[in-house]
Amino acid sequence: MRQRLTFLLRTFLWTLALFMLDKIGFMLYNGGAHDVSMGDAFSVIAHGLTLDASTALYVLFLPLLVALVSVWWYHRGLDILLRVYFAVIAAALSLAFIADASLYPFWGFKLNASCLQYLTTPTEAMASVSTGYLLLRLVVLILLGYLVYLGYTCPRWHLAPSSHRLMEAVAGLLLVPLMIIGVRGGLGESTTNIGQVYYSQNQFLNHAAVNPVFSFLASFERSANHIVDYDFMPQDECDSLITTLYPLPSTLSSSDTTLLTTQRPDIIIILMESAGEAFAEAMPRLQQLKREGVNFSECYASSWRTDRGTTCTFSGYPSFPTSSVMKMPSKTRDLPNIASALKKEGYQTHYIYGGDINFTNMRSYLVAGGFEDLIWEESYAADERHSAKWGVRDDITFQTLYDLITTPHDQPQLIGFSTLSSHEPWDVPIHVKDDEMDNAFYYLDQCIGQFVDRLRKTPQWQNTLIVLLPDHGLELPGLTQAHARRNHIPLVWTGGAVKSPYLFDRYCNQTDLVATLLAQMGVDHSAFRWSRDVLSPSYRYPFVWHTYDNGFSVIDSTGFWAYDFDAQRVIANETTDPQRLERMGKAILQATTKDLKERGLD
């Protein structure tokens, strides 16, 4: 009996120790970008202990089963089974630890199942990092996996048949309900969850306390059904509130809100990869274009990832905390899109992207949305396809854009364009700024400036509207989802079709672009239920709504408020009216989720 208990206890404690050591490694690797101290490491370990213990118990179930079987029957095959099992566990834990620490600087949240999407497009997965970066982690993975395996298998265990079989079997069986209670987190209504380890106003410390294995496994529960139900209030109460927040589309009331010289310009919508307002100083040409054109100075991204930000921009459709609409073809084919709306007005539609257009189901979304001509990585020569880690370099794709817009055409054109060079690993062909991130955004800015300067000299300039905005902002030290300015983005209209400089300094969302632009063109935008014409007299309550990985935030004139479903609590409360922001934020999430579930059901 003692031998089996010792074996099980040692297995549990070694797993628990690994989780504790992982927290230290995670903080050492990522802590440089955050305000942390040695004392924080102890707090992180202490607060993460319950989640670590629960996860360690999962590892213990097969060893317990083998121990129970060995009470009655012993065979060498049991030893082999355990060694294979521990080898798999060692590999899985090591991979989780390394992936979690390595991906956090890019994502800003803990390891979850969303990383699996990259397995279908491995080239895209590796585009953000160098070969050396990957090789180093592979070596660390092998070494760490071996050390973890040794910890499980040395010293050698001995599970010979017992002379007190019935007593040991009963004792072993009694451990099963205790382990289940431990995994569940007790006998109360609340079960083990990520939020139980959150303890600090510093989100990095909360994330460090979260067990990466549990975070990964728990995310499958969210993603399995694709769409999470949010029932915060009676539906009639929700609908009534939504009517005041998203008034039905209206038409222009007077010429003083007319921003364009023509209602049928050629339109170029440029999604600038990650170019939030945090990089304004690195993008001087963009600042110049703000002064010369239409500047929506208080615009905010609706989401935090490219796949989500793209649908927010072109469909005027909201993002969701756990679901990516772009990855749901049954839903995207039922979404409105500015491309399909303008095709009805006689527009030719094109989309340019220098990367893999199949990534995150992008091709399906664009085609279903009405973009007919897709120009992407495979459209370029071999040397151009490999001019950057993510695909075709921005200066090359901007040349494609220039050639396309300046080619004589009888019909007006809509061109969507996603840049990609301002993305990790920041590999651009110039070196002007010491900071590699600033340097990459400066390069993007120069590409934009040079394109505008060249186009300005052509006959097409006078009839062209260029819309500039990012797909999303970027997670930076001191600028997390708990900060109001994290998702502040530029939204600029420029080109000869812009009537005169204009400053719009009221709150608005990335999703509002479609309705606002179509209204300026006199095009029906009633299909875009979640996009607001912010220049309309009906836009009486400016506010911002944003979703991030399992959370959402709201901004209005009273301040900023954010809620995290993992933490199960408010992570930012900088408003004089938190009850109102909470109520409206939950109503929007409930109503938009209901809308998404009902799409594509016919």
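User: What classes of residue make up the lining of the largest cavity?

Analyst: In this predicted model, the lining of the largest cavity has 9 nonpolar, 7 polar and 7 charged residues, where Ala, Val, Leu, Ile, Met, Phe, Trp, Tyr, Cys and Pro count as nonpolar, Asp, Glu, Lys and Arg as charged, and the others, including Gly, as polar. Local features need pLDDT of at least 70, side-chain atom pairs count only at pLDDT 80 or more, and totals for chains, interfaces and linings use all residues. Residues are numbered from 1 along each chain as its sequence is written, and side-chain values use heavy atoms, without hydrogens and water.

User: Which helices each supply at least two residues of that lining?

Analyst: Both α7 (203-209) and α8 (212-224) do, helices being DSSP runs of H or I with at least four residues and strands runs of E with at least two, numbered from the N terminus.

User: Switching topic, where is Ser302, and is Ser302 buried or exposed?

Analyst: Ser302 is found in the loop between β3 (299-300) and α11 (306-315), and it counts as buried because its relative accessibility is 3%, with buried meaning under 20% relative accessible area, exposed over 50% and partly exposed in between (1.4 Å probe, protein chains only).

User: How far apart are Ser302 and Ile489?

Analyst: C-alpha to C-alpha they are 9.9 Å apart in space, while 187 residues separate them in sequence.

User: And Ile24, where does that sit?

Analyst: Ile24 lies in helix α1 (residues 2-30) and is partly exposed, with a relative accessible area of 36%.
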